[in-house]
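Reader: I have not looked at this one before. Can you take me through it?

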Amino acid sequence: MNILISGAAGSGKSTVSREIIKVYDIPHISTGNMFRDAMRHETEVGLQAKSYIDRGMLVPDDIVVRMIKERLQQPDCQKGYLLDGFPRTLAQAVAFEDIAAEIKRPVELVLNLSVELDALIHRVVDRRVCENCKAIYNLEYMPPKIENTCDLCGSPLNHRSDDTLEQLVVRLKEYVFLTKPVLDYYMYKGLVKYVDATPAPDIVIASVLDILRSME
Ligand SMILES: [Zn+2]
């Protein structure tokens, strides 16, 4: 199945993604890891992207779209793909439409994980990460047994600098201005399924798998 997944920071997107790729045997492709792969393999588009990244500039849409095209033609995409963080803008979505049709990998489903704002604020602002083993805690929902100490390895917990209310507002603004138009575009095509990602992860995963099964 050819799936796009979207959701604001703190929506549990990576947990849900891990489950989908396991059940459907498809690759999880984020633009971040795709850039790193293409640069490491020094593909033509990879090198072009690198020239922008090295100068601290955003990679232009046409290069991003060509890179996606290259990636989706790899053998591991035979059964489909789970694209994460792309298309990021309406322009990318429109360009991707033609590419996806050309390589016969049209988008079949757009999963949007939405979290109530209040819950989102608590998830992000109360999140703490073990500086050693990267285990994730939440002061309200999943506190460590000993204050500020990882249950698993005993290392100190960190409050990541982008897990603040100010940074959350910045990300939410970007979400509203960039992602919302992309969602509206796919909504118009009848491809969007909204999932309430406010409940516990296993409940969210169960509702996502229900949606996927209903489409088989
Ligand atoms: Zn730890």
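This is a predicted model: local features need pLDDT of at least 70, side-chain atom pairs count only at pLDDT 80 or more; totals for chains, interfaces and linings use all residues.

Reader: Start with the metal. Which residues are the protein donors of the zinc ion?

Author: The donors are C130, C133, C150 and C153, each through its SG atom, lying 2.3 Å from the zinc ion.

Reader: How are the donor residues spaced in sequence?

Author: The pattern is C-x2-C-x16-C-x2-C.

Reader: And what is the geometry of the site?

Author: The site is tetrahedral, with angles of 100 to 118° among the four donor atoms of the zinc ion. For comparison, the ideal angle for four tetrahedral donors is 109.5 degrees.

Reader: Is C150 buried or exposed?

Author: C150 has a relative accessible area of 3%, so it is buried, the cut-off being under 20%.

Reader: What about C153?

Author: C153 counts as partly exposed, at 34% relative accessibility.

Reader: Staying around there, where is K134?

Author: K134 is in the loop between β5 (127–130) and β6 (136–138). Its phi is near 65°, a positive value in a residue other than glycine. At 54% relative accessibility, K134 counts as exposed.

Reader: Which other residue has a positive phi?

Author: K104 is one, with phi near 55°, and it is not a glycine either. K104 sits in the loop between α5 and β4. It is exposed, with a relative accessible area of 66%.

Reader: Change of topic. How many residues are in the largest nonpolar core?

Author: The core has 33 residues, and Y81, F96 and Y186 touch the most other members. At least two residues each come from α2 (31–40), α3 (44–54), α4 (61–72), β3 (81–84), α5 (90–102) and α7 (165–188). The largest share comes from α4, which supplies six residues of this core.

Reader: What is Y186 in contact with?

Author: Leaving aside neighbours within four places in sequence, Y186 is in contact with L4, P87, A93, F96, V107, V110, L191 and V192.

Reader: What other core lies apart from that one?

Author: Another core, of 26 residues, lies apart from the largest one, and M1, A8, V16 and L212 are among its residues.

Reader: On to the rings. How many aromatic pairs does the count come to?

Author: The count comes to two aromatic pairs. One is F86 with F96, an edge-to-face pair at 5.2 Å centre to centre, with 85° between the planes. This pair links distant parts of the chain, since F86 is in the loop between β3 and α5 while F96 is in helix α5, ten residues apart. Both F86 and F96 are buried.

Reader: And the pair with Y185 and Y186?

Author: Y185 and Y186 are also edge-to-face, at 5.2 Å centre to centre and with 75° between the planes. Both Y185 and Y186 are buried.

Reader: Which residue lies over the face of Y52?

Author: R55 does, at 5.0 Å from the ring centre of Y52.

Reader: Back to F86 for a moment. Is the peptide bond from F86 to P87 cis or trans?

Author: The bond from F86 to P87 is cis, with omega near -10°. P87 is found in the loop between β3 and α5.

Reader: Next, L113. Where is its place?

Author: L113 is in strand β4 (residues 109–114). It is buried, with a relative accessible area of 1%.

Reader: What does L113 touch?

Author: Not counting residues up to four places away in sequence, L113 touches I5, S6, G7, A8, S11, G12, K13, V16, V195, A197 and V208. Its C-alpha atom is 6.1 Å from that of D196, though L113 and D196 are 83 residues apart in sequence.

Reader: And V115?

Author: V115 is in the loop between β4 and α6 (117–125). It counts as buried, at 16% relative accessibility. Not counting residues up to four places away in sequence, V115 touches G10, S11, L120, R123, A197 and T198.

Reader: How far apart are the C-alpha atoms of V115 and G7?

Author: They are separated by 8.3 Å, with V115 and G7 108 residues apart along the chain.

How values were computed:
Residues are numbered from 1 along each chain as its sequence is written. Side-chain values use heavy atoms; hydrogens and water are left out. Donors are N, O and S atoms within 2.8 Å of the metal (3.2 Å for Na, K and Ca); water is not among the atoms, so sites may look incomplete. Four donors count as tetrahedral if all angles lie between 85 and 135 degrees; four count as square planar and six as octahedral if opposite donors are over 155 degrees apart and all others between 65 and 115; anything else is irregular. Buried means under 20% relative accessible area, exposed over 50%, partly exposed in between (1.4 Å probe, protein chains only). A nonpolar core is a set of buried Ala, Val, Leu, Ile, Met, Phe, Trp, Tyr and Cys residues joined through side-chain atoms within 4.5 Å. Helices (H or I, at least four residues) and strands (E, at least two) are DSSP runs, numbered from the N terminus. Contact means heavy atoms within 4.5 Å. Rings of Phe, Tyr and Trp (its six-membered ring) pair if their centres lie within 6.5 Å; planes under 30 degrees apart count as stacked, over 60 as edge-to-face and the rest as tilted. A charge sits over a ring if NZ of Lys or CZ of Arg is within 6 Å of the ring centre and within 35 degrees of the ring normal.
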